[in-house]
Amino acid sequence: EDEARNQQIASLKSMFYAETQTKEVEKEPEQSITGVYNDMPLCRWRYTFLPAFQTVLNVWQPQYTHMFEGIIAGPKPWLYVHLQLPGGTENLGKPEYDLKIGTQAPLVGTLMRIVSAQRSEDS
């Protein structure tokens, strides 16, 4: 029963993320000159990640599972931005942690690259 359910889920994911897989990554002109990336997926956890830092993530929150599925369905390099969020996901949606100048939210983050993705049996 679980195997059939997992196959159905895999089929749905394949259909849902199929559009992302066919899109080509287009570099904007300034990206190749300045290294500026626009419209990056954004992840906000309580952890701090520094450049060249390597870690293993267990992603289980629905919003981040969706974000990472979309990223890895596309072409490499798989990139996203991480901003440290004091208090973690419990503070998502609270006005005092909005990504605005003058709030308690950090506005500087780290560009992260996904080098490998592995799903557990129950995902």
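**Figure 1. The salt bridge between E90 and R46.** In this predicted model, the side chains of E90 and R46 meet in a salt bridge, 2.9 Å from N to O. A salt bridge here is a side-chain nitrogen of Lys or Arg within 4 Å of a carboxyl oxygen of Asp or Glu. Side chains of opposite charge can pair when their charged atoms come close. E90 sits in the loop between β2 (78–84) and β3 (110–114), while R46 sits in the loop between β1 (42–45) and α4, so the pair links distant parts of the chain, 44 residues apart. Helices (H or I, at least four residues) and strands (E, at least two) are DSSP runs, numbered from the N terminus. Is R46 buried, partly exposed or exposed? With a relative accessibility of 44%, R46 is partly exposed. Buried means under 20% relative accessible area, exposed means over 50%, and partly exposed lies in between (1.4 Å probe, protein chains only).

A word on the model: it is predicted, so local features need pLDDT of at least 70 and side-chain atom pairs count only at pLDDT 80 or more, whereas totals for chains, interfaces and linings use all residues. Residues are numbered from 1 along each chain as its sequence is written, and side-chain values use heavy atoms, with hydrogens and water left out.

**Figure 2. E69 and its partner R119.** Look for E69 in helix α4, which covers residues 62–73. E69 is buried, at 10% relative accessible area. R119 and E69 form a salt bridge whose closest N and O atoms are 2.7 Å apart. R119 lies in the segment after β3 and E69 in helix α4, so their pairing ties together parts 50 residues apart in sequence.

**Figure 3. The salt bridge between K100 and D98.** How many salt bridges does a search of the whole structure find? The search finds three. One of them joins K100 to D98, with the closest N and O atoms 4.0 Å apart. D98 is partly exposed, and its relative accessible area is 26%.

**Figure 4. F49 between two aromatic partners.** The structure holds five aromatic pairs. Rings of Phe, Tyr and Trp (its six-membered ring) pair if their centres lie within 6.5 Å; planes under 30 degrees apart count as stacked, over 60 as edge-to-face and the rest as tilted. Y47 and F49 form a tilted pair, with 6.4 Å between centres and 45° between planes. F49 also forms a tilted pair with F53, at 5.6 Å centre to centre and 40° between the planes. F49 is buried, at 6% relative accessibility. Y47 is partly exposed at 48%, and F53 is partly exposed at 41%.

**Figure 5. T110 reaching towards F49.** T110 has its place in strand β3. At 11% relative accessibility, T110 is buried. Its side chain reaches the backbone oxygen of F49 at 2.7 Å. Leaving aside neighbours within four places in sequence, T110 is in contact with F49, L50, P51, Y80, V81 and H82.

**Figure 6. An aromatic cluster, and a lysine over a ring.** W45, Y64, F68 and Y80 form one aromatic cluster. In another detail, K76 lies over the face of W78, 4.8 Å from the ring centre. A charge sits over a ring if NZ of Lys or CZ of Arg is within 6 Å of the ring centre and within 35 degrees of the ring normal.

**Figure 7. The whole protein, for orientation.** The protein has four helices and three strands, and along the sequence they follow the pattern α-α-α-β-α-β-β. Of its 123 residues, 24% count as buried. Among contacts between residues at least 6 apart in sequence, 67% join residues at least 24 apart.

Key
Contact = heavy atoms within 4.5 Å. Polar contact = N/O pair within 3.5 Å; in protein donor to acceptor, adjacent residues only side chain to side chain.
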